[in-house]
Amino acid sequence: MAESIAFSKSADRATIYAELAPQIEALISGETDLIANLANVAAVLNEAFGFFWVGFYIAKDGELVLGPFQGPLACTRIAFDSGVCGHAYSTRETVIVPDVEAFPGHIACSSAARSEIVVPIFFEDRVAAVLDVDSDRLADFSADDSAGLEAIARIIGRYCRFA
Ligand code: SME
């Protein structure tokens, strides 16, 4: 297993996502444990982008349950139809929220979070988890983030075995 990741520190996010994708694939394709893999993906995204919060909510027992993450402590359980995470889960689509205060039903785990992106992770054609990234800056996420994070979500869905 690689002990470090390499990326162009001053490059734009699209370039960095493209550099990370094959490294994340190499990292998780040789490991079968779901939690170990999600933990390393959260660590890689945090190291590369310094996001305020980045992590996973896993669909289990009829709700979204907090999984591996990097950042301040977070809510542990989210209903399938609640918040930005629940919206991405139930619509099966990536959600970009430029201003969380303007999103009805946003769940504020931290008052410092200003914008957010949530990407569904598909496994056997169902949403098995969501990848959630929060920023402490307004409108911090663009189509580059959705494309980059969706590519990573596809890699996770290909190699990780969700229950
Ligand atoms: N803001 C999310 C909840 C999760 S935290 O941001 C980590 C939401 O509205 O679903």
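1. Asp61 is exposed, at 71% relative accessible area. Here buried means under 20% relative accessible area, exposed over 50% and partly exposed in between, with a 1.4 Å probe and protein chains only. Asp61 sits in the loop between β1 and β2. Its phi is positive, about 55°, although Asp61 is not a glycine. Helices (H or I, at least four residues) and strands (E, at least two) are DSSP runs, numbered from the N terminus.

2. A word on the basis. The model is predicted, so local features need pLDDT of at least 70 and side-chain atom pairs count only at pLDDT 80 or more, while totals for chains, interfaces and linings use all residues. Residues are numbered from 1 along each chain as its sequence is written, and side-chain values use heavy atoms, with hydrogens and water left out.

3. Arg92 also deserves a look. Its phi is positive, about 60°, and Arg92 is not a glycine either. With a relative accessible area of 36%, Arg92 is partly exposed.

4. Next, helix α3, which spans residues 83-91. Gly83, Val84, Cys85, Gly86 and Ala88 are buried there. The cover over these buried residues includes β1 (53-60), β2, β3, β4 (95-97), β5 and β6.

5. Now the ligand. There are 13 residues around it, and Val84, Cys85, Ile107, Glu116 and Asp134 come nearest. A residue counts as near if one of its heavy atoms lies within 4 Å of the molecule or strand. A backbone N or O atom of Ile107 is 2.8 Å from a ligand nitrogen. The His106 side chain has an N or O atom 3.3 Å from a nitrogen atom of the ligand. An N or O atom in the side chain of Asp132 is 3.4 Å from a ligand oxygen. The protein covers 100% of the 300 Å² of accessible area that the ligand has on its own. Accessible areas come from the Shrake-Rupley method with a 1.4 Å probe; for residues, only the protein chains shown count as cover.

6. Glu116 belongs to strand β5 (residues 115-123). Glu116 is buried but has no salt bridge. Its nearest side chain of opposite charge is Arg114, 11 Å away. For charge, Lys and Arg count as positive and Asp and Glu as negative; His and the chain ends are not counted. The Glu116 side chain does make a polar contact of 3.3 Å with the side chain of His106. A polar contact is a pair of N or O atoms within 3.5 Å; within protein, one must be able to donate a hydrogen and the other to accept it, and residues adjacent in sequence count only if both atoms are side-chain atoms. Beyond four places in sequence, Glu116 touches residues including Val84, Cys85, Val100, Asp132 and Phe141. Contact means heavy atoms within 4.5 Å.

7. Asp132 is in strand β6 (residues 126-135). Asp132 is buried and has no salt bridge. Arg13 is the nearest side chain of opposite charge, 12 Å away. Among the residues that Asp132 touches beyond four places in sequence are Trp53, Tyr57, Cys85, Glu116 and Val118.

8. Where are the salt bridges? The whole structure holds 6 salt bridges, each a side-chain nitrogen of Lys or Arg within 4 Å of a carboxyl oxygen of Asp or Glu. One of them pairs Arg13 with Asp145 at 3.0 Å, N to O. Arg13 lies in helix α1 (residues 13-29) and Asp145 in helix α4 (residues 143-159), so this pair ties together parts that are 132 residues apart in sequence. Asp145 counts as buried, at 2% relative accessibility.

9. Asp140 and Arg137 form a salt bridge at 3.2 Å, N to O, between their side chains. At 14% relative accessibility, Asp140 counts as buried. Shared partners join Arg13, Arg137, Asp140 and Asp145 into one salt-bridge network.

10. Arg77 and Glu63 make a salt bridge, with their closest N and O atoms 2.7 Å apart. Arg77 is in strand β3 (residues 77-79) and Glu63 in strand β2 (residues 63-70), 14 residues apart. Glu63 is partly exposed, at 22% relative accessible area.

11. Last, Ile16 in helix α1. Ile16 is buried, with a relative accessible area of 3%. Its C-alpha atom is 8.7 Å from that of Gly148, 132 residues away along the chain. Leaving aside neighbours within four places in sequence, Ile16 is in contact with Phe7, Ser8, Lys9, Ala11, Ala48 and Phe49.
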